[in-house]
Structures are given as structure tokens and as C-alpha cells.
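Me: I am new to this structure. Please take a close look at one part, the surroundings of the ligand.

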Amino acid sequence: MRNISLDNITATVQDSMRGAADARFREVIGSLVTHLHAFAREVHLTHEEWNAGLDFLWRAGRISDDKRNEFVLTSDVLGLSSLVDLLDGSSSGTESSVLGPFYVEGAPIVPVGASIVGDNTGERVLMHGTVFDAKGRPLPGALLDFWQTDADGLYSQATPHKGEFNLRCRMRTDAQGRYALQTVKPRYYSVPYDGPVGDLLRGGARHAWRPSHFHVLVTAPGQRRLVTELFADDDPYIDADAVFGVRSSLVLHFERRDDAAAVPYPIKAPFFEVKFDFRLDAEGPAA
Ligand code: BEZ
Ligand code: FE
């Protein structure tokens, strides 16, 4: 292999992996090489530009730790996380959306209808609905894990005085597959932009805002795990999410209610009612 040239370098790198035992590895990494090389050829990448790219990766590594992963954020702002969601998510059930970096395992389990408002101020929300399987049958005992920002756009990591699990909970659906949660309306907030991803956003004349949302992770025996987000249709950033997580099927209307008797849960009026049913796929590859 002493005759490496522009004409043969891509095929030569791919050929170097011909002994890989894992066929999927060969396919995925081989294709990555094809497209990386094609990209470098297309833009005629210079040394200076590629060094800037390597410097970005180096800085992303330096700023990452067990609480912050700049590589995930890079994938998010480049739309790759959402592309994988669209490719590998459900085609007939509830659409998935990004997990984000603020999930905390082990939130308290609360009963259907519970309030997680605690000391938070903000507009009250009752979110409720049913979890169904792919055949439309209600799923009793499905586990929903919720997390969200407070009314100032802050996750519990940024408000330790409110408790580790502020505005977070897990809930099992009842015998009819129903869930119901009393909470406050979350607010839009910005993804971290004090690291290399911030430079990437500024370079592209982009902002760092995400529209307000609830995160929900739903699991049930025999069903595919669902990671998704629910958005408010009146959010100023609903059409400009910095990480491209919005799908129209996940944009909900918050209906103002002035009469608590309108719902079968002990909530104080006025509040906003949000209804959403989840539909899970059976375990296995994406349907
Ligand atoms: C979030 O929803 O919390 C989030 C998602 C992607 C990047 C940063 C934050
Ligand atoms: Fe979030």
C-alpha cells in the first residue's frame, strides 16, 4: 500500500476492515468513511479547517464530565440525535424525542392524580391521559417517568434548594391504563452555550433556546421503551427548537379551565388542562 492517492484512499481504508467479524460494524464504519471522505472532497477541506475541527473535538472532551456531555449536545444541535429518533422511533405509535442531559434516575413514585407542584410557583397544569399498546389496549401498570423545568426554565440541577427531585416523579398507570399529574407550566430555556457547542451555534448565527416541554419516559413489560417530550403550542420557540426535537404530534394545547369540577382530580382552579395518550410499540425493532 505504497501508492496511496486521491483515487484509491477511500477504498483502501474500507478494504483495511475486510477482516472485521461484525458485518454491521463493517457496514456502519465503512459507510462513515465513505461519507467523511466525500465531505472532505466536496468542501476541499484545508489543514487549517480540519485542525479547527479537531480542536472542537478536543475542547468537547475537555469540558465533558459525568454531568455534562458535549458530544451528546453536539449531536443534538446538529440534528443527528433527532434524525436517529426519526429513523429508529415508532412509525405508528407515539413519536420519540431527545432525552436531553437532565434526566435523573430514581425519582419518587407517586399515585395517579398526584401533585408535584411543591414549593414551585407558576401556572398550574393538569396533564392526563391513557397509555395504550400498539393494538389500542390500555396498559395498566406502565411506568411513566416525568421531568421538566420550573416556571423560570430551570431544572432541579440548577435549583438544589428545591430538592434533587423537584418537578420529577414516576407514576404507574391505574387499572384502566390512566395517568394524571398536577404540575406547573415549564418555561423555555437555553442549552449550554459556554463551550464549543456555543461557538458552533454562534458560527451559524443560531440561538440556544428550546421551547418549553415535559420529558416523559414510558416503560411497560413487553413494550418498547419510549423517550419523548410534550410541547406547548403557544411557546415562543415552538418553531425554532435549538435541538430539532419538536414533532407536530407532540405539540399540545393547554386549555384554560376555571372550574375544578370539570376534571376528576382535586386541583385548584384556575389551571390548564393538557390531554395526551401514549401509544407504545411491542418490544423488538422499530415498527
Ligand atoms: C433538554 O431537553 O433538556 C435538552 C435536550 C438537548 C440538549 C440540551 C437540553
Ligand atoms: Fe429538557
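Reply: Here is the ligand site, piece by piece.

This is a predicted model, where local features need pLDDT of at least 70, side-chain atom pairs count only at pLDDT 80 or more, and totals for chains, interfaces and linings use all residues. Residues are numbered from 1 along each chain as its sequence is written, chains are lettered from A and ligands numbered from 1 in the order in which they are written, and side-chain values use heavy atoms, with hydrogens and water left out.

Start with the shell. Around ligand 1 stand 13 residues, each with a heavy atom within 4 Å of the ligand. The closest are Asp76, Tyr189, Arg210, His213 and His215. By class, 7 are nonpolar, 3 polar and 3 charged. Here Ala, Val, Leu, Ile, Met, Phe, Trp, Tyr, Cys and Pro count as nonpolar, Asp, Glu, Lys and Arg as charged, and the others, Gly among them, as polar.

Helix H4 (70-77) and strand E7 (213-219) each supply at least two shell residues. Helices (H or I, at least four residues) and strands (E, at least two) are DSSP runs, numbered from the N terminus.

Now the oxygen atoms of ligand 1. One is 2.3 Å from a polar side-chain atom of Tyr189. For Arg210, an N or O atom of the side chain lies 2.6 Å from a ligand oxygen. For Tyr155, that distance is 3.4 Å.

Last, the cover. Taken alone, ligand 1 exposes 260 Å², by the Shrake-Rupley method with a 1.4 Å probe. The protein buries 100% of that.

How values were computed
A polar contact is a pair of N or O atoms within 3.5 Å; within protein, one must be able to donate a hydrogen and the other to accept it, and residues adjacent in sequence count only if both atoms are side-chain atoms.
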